[in-house]
Amino acid sequence: MFIPIASKRTETAGPEIIFNCPACGKEGVVGKTSEMMEENSLLWIMPSMPFFTSRVRRIVCGQCGKAFRTSLSLEQLSDASPEDVARNVAAQVNFIAKCCIIMGLVLAIFPFFGLVFAGIGMLCTLKRRTGWRTVAIIGLVLSAITTAGIMVIIMLCN
Ligand SMILES: [Zn+2]
């Protein structure tokens, strides 16, 4: 079924802030903040009444250009210290990195394969402060254990 939805996007620029970038690892860099508001309305039924509004606030790093989502409002951002911002910023991990991390974890029970995927996932998230990095490390450790176990078995059999 097709539901006609009209959406209106408005982007408001926020203050420039000083923060520690989780992507390039630089401290005290200038970040541009903005708030994107999306109003969605059902075109035929209530064209002027938004039934679903979403707000997304972003910080773009002045050094590397990477964008981060934050849960802080624009007002909170202007008074926040670099440490406050760092705690409320999530580095965006790309789709391929996420796939590798999940594969690394799933394939950890198989020697070598898990190690390769977890290794790639780990490299992709190396400098990022994100939960994905933790998952990548877990996958890497588990894969290392199974790989080491298999190596020992092979050596014992010879
Ligand atoms: Zn950066």
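User: At roughly what angle do the axes of α3 and α4 cross?
Analyst: Keep in mind that this is a predicted model, where local features need pLDDT of at least 70, side-chain atom pairs count only at pLDDT 80 or more, and totals for chains, interfaces and linings use all residues. Helices (H or I, at least four residues) and strands (E, at least two) are DSSP runs, numbered from the N terminus. Axes are lines fitted to C-alpha atoms, for helices over the stretch in contact, with angles from 0 to 180 degrees between N-to-C directions. For α3 and α4, the axes come within 7 Å, and they cross at roughly 140°.

User: What does that make α3 relative to α4?
Analyst: Angles under 35 degrees count as roughly parallel, over 145 as roughly antiparallel, 65 to 115 as roughly perpendicular and the rest as oblique. The crossing is roughly 140°. Therefore α3 is to α4 oblique.

User: How many nonpolar residues does the contact of α3 with α4 have?
Analyst: Residues are in contact if their C-beta atoms, placed from the backbone, lie within 7 Å. Ala97, Cys100, Ile101, Met103 and Gly104 of α3 meet Gly114, Phe117, Ala118, Ile120, Gly121 and Cys124 of α4. Ala, Val, Leu, Ile, Met, Phe, Trp, Tyr, Cys and Pro count as nonpolar, Asp, Glu, Lys and Arg as charged, and the others, Gly among them, as polar. The contact has three polar residues, no charged ones, and a nonpolar count of eight.

User: How many charged residues are in the contact of α3 with α5?
Analyst: The axes of α3 (residues 95-106) and α5 come within 8 Å and cross at roughly 35°. Lys98, Ile101, Gly104 and Leu105 of α3 face Trp132, Val135, Ala136, Ile138, Gly139, Leu140 and Ser143 of α5. By class there are seven nonpolar and three polar residues, and the charged count is one.

User: Is Ala136 buried or exposed?
Analyst: Residues are numbered from 1 along each chain as its sequence is written, and Ala136 belongs to helix α5. A residue is buried with 20 or more other C-beta atoms within 10 Å of its own, exposed with 12 or fewer, and partly exposed in between, C-beta atoms being placed from the backbone. Because 30 other C-beta atoms lie within 10 Å, Ala136 is buried.

User: How far apart are the C-alpha atoms of Ala136 and Ala118?
Analyst: Along the chain, Ala136 and Ala118 are 18 residues apart. Their C-alpha atoms are separated by 5.7 Å.

User: What is the phi of Phe112 near?
Analyst: Phe112 sits in the loop between α3 and α4 and counts as exposed, because it has 12 C-beta neighbours inside 10 Å. Most residues other than glycine have a negative phi. Phe112 has a positive one, near 70°.

User: Which element has the highest mean pLDDT?
Analyst: pLDDT is the predictor's confidence in each residue, from 0 to 100. The protein chain has a mean of 84, with 87% of its residues at 70 or more. Among its elements, strand β5 (residues 89-90) has the lowest mean, 74, while the highest, 92, belongs to α5.

User: In what order do the elements run from the N terminus?
Analyst: The protein chain has five helices and five strands. From the N terminus on, they run β-β-β-β-α-α-β-α-α-α.

Conventions
Two residues are in contact if their C-beta atoms, placed from the backbone, lie within 7 Å.
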